[in-house]
Amino acid sequence: MKSIEEHREKVKEIADLAFANAVNNMDLSSMVNSYPSSWDKDLYKKFIEKVHEGFKIAQNLLIEEIQYYQTLLKNTIQELKQFRRDRDKKSEEITKSNIAIIKQRLSTFHHIADGIAWQLIGGEIHIARRFHIGEQESKNLDSSNIKHAISVVNQINKNPLDFALISDLTNFVQIGDVIAKSNGRIGIMELKEGSVNEQISDFFEQMKKEDKEITEDVLKAEFDDKTIKQVKRMQRQKMRADRATEVINNDEGTEPVSGGKITVSTPTIPTEGYHQEILALKDKLDTKIWAYTVIEKCLHLGMYRDKGILMAGAAIEATIKRETENYIMVDWLSITDNLSQPIFAKPFDPEFILDILTGKIKIILGLNLDRLIEVFNELGIETRWLSTKETAKIKKQETRKGMIVVNNRGITMKVPHLKGSEMILGGGIISKILYDNINPSNMALTLLTLYPETK
């Protein structure tokens with residue numbers, strides 16, 4: 001396995017290409033206080049070309065690194081199985097540690113790809129959620145499939161103003177094989193090889209041309225039972241891609257998985273976060289091995305380096321346990337596996353980001369849910385714990401898969417102007433507080449503005 005120094009250099013190289021290629025290769029000193037869209041047409045065009053140039057090189061390097069670590073992971077898991085058969089406890093523990101390192105490095109590279117996708121969609125979390133359908137299986141870059149995907153994106157990427165990203169390089173893009181941006185619009189592509197897939201694709205085109213509905217009788221007249229299953233699978237994939245594209249480009253449409261109608265709401269108040277508090281802790285690490293603060297009486301934030309990492313989390317958990325039994329704790333490095341704003345979009349120095357991603361600095365967050373409930377109530381959202389019985393009943397609902405449950409209880413909220421309607425506290429809100437670094441109070445105020453008064 002590559003050393004930590006080699007890994008850090010590779011992450012830095014790819015991240016610089018993905019997020020700073022234009023800045024590093026153009027003189028933009030006179031444009032720092034203006035938006036790219038307001039620049040001279042030729043300058044803006046060159047800027048986009050340089051951005052895409054970095055994306056394209058970064059994508060090729062990501063393919064190499066992800067394939068390397070996926071192969072290494074597969075081989076290391078086999079070694080672990082052998083050590084277990086041999087009852088070699090020492091080697092087993094070392095190998096388990098190596099597997100954890102490999103998995104985290106894979107998550108880091110996937111997170112860089114997430115950062116590229118994030119830029120393509122304009123940094124809109126509601127769009128990112130349209131791409132994510134909750135599938136849990138890992139994305140292995142199969143040699144034949146990846147070769148086909150590479151050939152397709154390379155063809156698209158010949159145009160300096162276009163860019164296509166292979167979906168399997170990312171964590172959150174779970175619809176389509178390729179996400180592409182051209183002429184300012186996002187598109188999703190499904191890549192299918194083989195004679196059967198070509199036959200099915202031709203069938204879809206013909207049905208669309210003739211404006212015919214694809215019914216069960218039509219399928220049985222055209223295909224055998226095995227192929228019908230493939231037709232339905234491809235039809236479902238195509239439908240999800242079409243729905244996601246509609247919402248992405250129009251801010252309204254049909255939810256890709258559930259099929260419900262959605263309209264994207266825009267908050268009417270500015271987003272306020274605690275990035276400055278994070279940076280203040282970072283400054284303290286210049287002279288200390290740990291630093292700690294509490295935000296709005298409910299969010300505990302600890303930062304550690306060197307020997308301080310050995311105590312990371314333990315001190316915060318001990319503190320928060322004295323306050324309540326109802327809390328959530330996360331290692332902030334888990335942002336690489338979370339559907340949220342990527343760490344590369346944060347207003348942090350690149351070296352600080354590298355320190356977090358490579359384990360030189362560890363950040364632990366602890367959220368006191370009892371005090372979070374107090375914050376929401378003080379701001380006008382009637383919030384309370386559900387009983388264990390109420391929680392069990394609500395958990396059975398298909399739409400409640402993302403609800404937050406701690407000690408067998410969930411949390412319900414009532415927005416004042418939505419009479420008779422309750423919202424269940426879900427992972428999306430918690431994610432915005434812990435990973436998007438939005439102040440809990442601002443999150444409550446945002447919820448109030450997202451739901452205009454109904455008449």
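Leaving aside its neighbours within four places in sequence, which residues is Val-405 in contact with?

Modeller: What you see is a predicted model, in which local features need pLDDT of at least 70 and side-chain atom pairs count only at pLDDT 80 or more, while totals for chains, interfaces and linings use all residues. Residues are numbered from 1 along each chain as its sequence is written, and side-chain values use heavy atoms, with hydrogens and water left out.

Once neighbours within four places in sequence are set aside, Val-405 is in contact with Thr-391 and Lys-395, where contact means heavy atoms within 4.5 Å. Val-405 sits in the loop between helix H13 (388-395) and E11; helices (H or I, at least four residues) and strands (E, at least two) are DSSP runs, numbered from the N terminus. With a relative accessibility of 31%, Val-405 counts as partly exposed, a class that lies between buried (under 20% relative accessible area) and exposed (over 50%), calculated with a 1.4 Å probe on protein chains only. The C-alpha atoms of Val-405 and Ile-328 are separated by 10.0 Å, although the two residues are 77 residues apart along the chain.

Ile-328 leads us to Ile-430, which, apart from its neighbours within four places in sequence, is in contact with Ile-328, Leu-367, Leu-369, Leu-372, Ile-404 and Leu-425. The largest nonpolar core has 108 residues, and Ile-430 is among those that touch the most other members, as are Trp-332, Ile-363, Leu-367, Leu-369, Phe-376 and Leu-434. Such a core is a set of buried Ala, Val, Leu, Ile, Met, Phe, Trp, Tyr and Cys residues joined through side-chain atoms within 4.5 Å. Helix H2 (residues 41-86) gives the most to this core, namely 13 residues.

Strand E11, which covers residues 411-414, belongs to an open sheet of three strands in the order E10-E11-E12, with antiparallel pairing; two strands pair if DSSP finds at least two bridges between them. Strand E10 (382-385) and strand E12 (423-424) stand at the edges and each have a single partner strand, so one side of each is left without a neighbour in the sheet. Between E11 and E12 there are two bridges in the antiparallel sense, and Met-413 has Met-423 in E12 as its bridge partner. Helix H12 (residues 369-378) lies across E10 and E11 and runs at about 160° to E10, where axes are lines fitted to C-alpha atoms, for helices over the stretch in contact, and angles run from 0 to 180 degrees between N-to-C directions.

His-111 lies in helix H3 and is buried, with a relative accessible area of 1%. The C-alpha atoms of His-111 and Asn-338, which are 227 residues apart along the chain, are separated by 9.0 Å. Leaving aside neighbours within four places in sequence, His-111 is in contact with Asn-171, Ile-335, Thr-336, Pro-342, Ile-343 and Phe-344.
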